[in-house]
Amino acid sequence: MPPRRRGASGFRGVRVRPSGRFYAEIRAGGFRLTLGTYNTPELAARAYDAAAWRFRRPRRDMNFPDVESLEEAEFLAPPPCLVDDEDRRRHRQVQRRIAIAEHDEQLMRQWRAQFPNDVDNTDAFFANLRAQRRSNRRHRRAVATFELENPNTTWTENDPRWDDIWTETTSDDE
């Protein structure tokens, strides 16, 4: 079988990017593992060789056959960040969600421009809701203070309502 053809970079597993940088990848078990992008073809080839050692490839498949061990190959090339199909799938999913969120924001801007009264009504609704919650909190606090100061209270000392009133009425928004 003839040796595998080496790309324009002159090294196995290394391709030239349009930006002029060099991209290293290795195929293993039906997967294509991305090893990273490097400034020089030698660094990309060293990363390929380190991965080839990890996958126990024969020396004839390596770019630098003079390397004697995995440790030496890893010393010459930093351990790569392996990117697999699952990483790519997650990245596409995140990109889709970002695109959807950006589209939603664009639609909301258009809606606000087209229906300013609805925006005012929505703002008024939530302002009213916040005011009602503050009022209810003040009322519960007044009841708790009254029960605390009243010697004839109906609440016992271990009544859980004390804890409820305390956690519900202590707030920084007043």
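Buried means under 20% relative accessible area, exposed over 50% and partly exposed in between (1.4 Å probe, protein chains only). This is a predicted model, in which local features need pLDDT of at least 70, side-chain atom pairs count only at pLDDT 80 or more, and totals for chains, interfaces and linings use all residues. Residues are numbered from 1 along each chain as its sequence is written, and side-chain values use heavy atoms, without hydrogens and water.

**View 1. Phenylalanine 11 pairs with phenylalanine 64.** Both residues are buried. The pair is tilted, at 5.6 Å centre to centre and 40 degrees between the planes. (Rings of Phe, Tyr and Trp, the last by its six-membered ring, pair if their centres lie within 6.5 Å; planes under 30 degrees apart are stacked, over 60 edge-to-face, the rest tilted.)

**View 2. Phenylalanine 125 pairs with phenylalanine 126.** This pair is edge-to-face: 5.1 Å between centres, 75 degrees between planes. Phenylalanine 126 is partly exposed, at 41% relative accessibility.

**View 3. Two arginines sit over aromatic rings.** The charged end of arginine 17 lies over the ring of tyrosine 23, 4.0 Å from its centre. The charged end of arginine 46 lies over the ring of phenylalanine 64, 3.8 Å from its centre. (The criterion: NZ of Lys or CZ of Arg within 6 Å of the ring centre and within 35 degrees of the ring normal.)

**View 4. Isoleucine 26 and its contacts.** Contact means heavy atoms within 4.5 Å. Leaving aside neighbours within four places in sequence, isoleucine 26 touches Phe31, Arg32, Leu33, Leu35, Tyr48, Ala51, Ala52, Phe55 and Arg57.
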